Amino acid sequence: MAKVLIIEDDISIAQIESDYLLVNGISSDIAPDGIQGLSLALKNGYDLILLDIMLPGMDGFEVLRSLRSKVDIPILMVTARQDDIDKIRGLGLGADDYIEKPFSPSVLVARVKANLAQYDRLKGKSALLPLVCGDIVLDPKTRRVTVSGEEKELKNREYELLYYLMENRDIVFSRESLYERIWGMDALGDSATVAVHINRLREKLEKDPSNPVHIQTVRGAGYRMR
């Protein structure tokens, strides 16, 4: 069972987060301020940290700065602010992702699972295992993608997008979050690029691209791999 540290001064919010994570097979500890959170993070072996920005004693940016050179695990910043400067600052200090308040607990769980899965892949814990969704098979060792045994040629961004969706099956991602994850924060273009690549993947992988079974659109939310 993965273990998460929640550094959040609003205990009621932290407890809700903890309960939803536990239901999804992830245990957690709670720290009510930055100083205690930093101490626990350095002392215990966590798999991921949820770090609020506005904290008593030591704010989230200070905690992140102190942690990043000492622990190599995903750190997700939680912010109630809408300013891009906070996101840019957090990512610049080494945060792996961010989530804005208010958010639904299911979205939080999805982001935690996605970052845990990506960390495992980057560290080689699951890098050699083929990913399978129905008749679609992606082999990370060879970067080959087959549908019912027939190999499909994918461009690099198509492959990366498919890989990310397949390793996070059933999780819904917005176009914006997919764009930032695959193309990067400083990429030129916009999230419409994601829709173009989704359509190209459907043309190559789906039996009926106009009625996709695997790469589904969730109206008003984004895309998911089924």
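Mentor: Start with Asp97, which counts as buried at 9% relative accessibility. Buried means under 20% relative accessible area, exposed over 50%, and partly exposed in between, with a 1.4 Å probe and protein chains only. This is a predicted model, where local features need pLDDT of at least 70 and side-chain atom pairs count only at pLDDT 80 or more, while totals for chains, interfaces and linings use all residues. Residues are numbered from 1 along each chain as its sequence is written, and side-chain values use heavy atoms, with hydrogens and water left out.

Trainee: Which side chain meets Asp97 in a salt bridge?

Mentor: Arg181, at 3.2 Å from N to O. A salt bridge here is a side-chain nitrogen of Lys or Arg within 4 Å of a carboxyl oxygen of Asp or Glu. Asp97 lies in strand β5 and Arg181 in helix α7, so the pair ties together parts that are 84 residues apart in sequence. Helices (H or I, at least four residues) and strands (E, at least two) are DSSP runs, numbered from the N terminus.

Trainee: Is Arg181 buried or partly exposed?

Mentor: Partly exposed, at 22% relative accessibility.

Trainee: How many salt bridges does the count come to?

Mentor: The count is 11. One of them joins Asp52 and Lys101, 3.5 Å from N to O. Asp52 is in strand β3 and Lys101 in the loop between β5 and α5, so this pair ties together parts 49 residues apart in sequence. Asp52 is buried, at 5% relative accessible area, and Lys101 is buried at 18%.

Trainee: What about Lys204, which residue does it form a salt bridge with?

Mentor: Glu158, with the closest N and O atoms 2.7 Å apart. Lys204 sits in helix α8 and Glu158 in helix α6, 46 residues apart. Glu158 counts as buried at 1% relative accessibility, whereas Lys204 is partly exposed at 27%.

Trainee: Which residues do salt bridges with shared partners join into one network?

Mentor: Glu8, Asp52 and Lys101.

Trainee: Changing topic, where is Glu206?

Mentor: In the loop between α8 and β10. Glu206 is buried but has no salt bridge, and the nearest side chain of opposite charge, Arg202, is 5.4 Å away. For charge, Lys and Arg count as positive and Asp and Glu as negative, while His and the chain ends are not counted.

Trainee: Which backbone nitrogen does the Glu206 side chain reach?

Mentor: That of His214, at 2.8 Å.

Note on methods:
A polar contact is a pair of N or O atoms within 3.5 Å; within protein, one must be able to donate a hydrogen and the other to accept it, and residues adjacent in sequence count only if both atoms are side-chain atoms.
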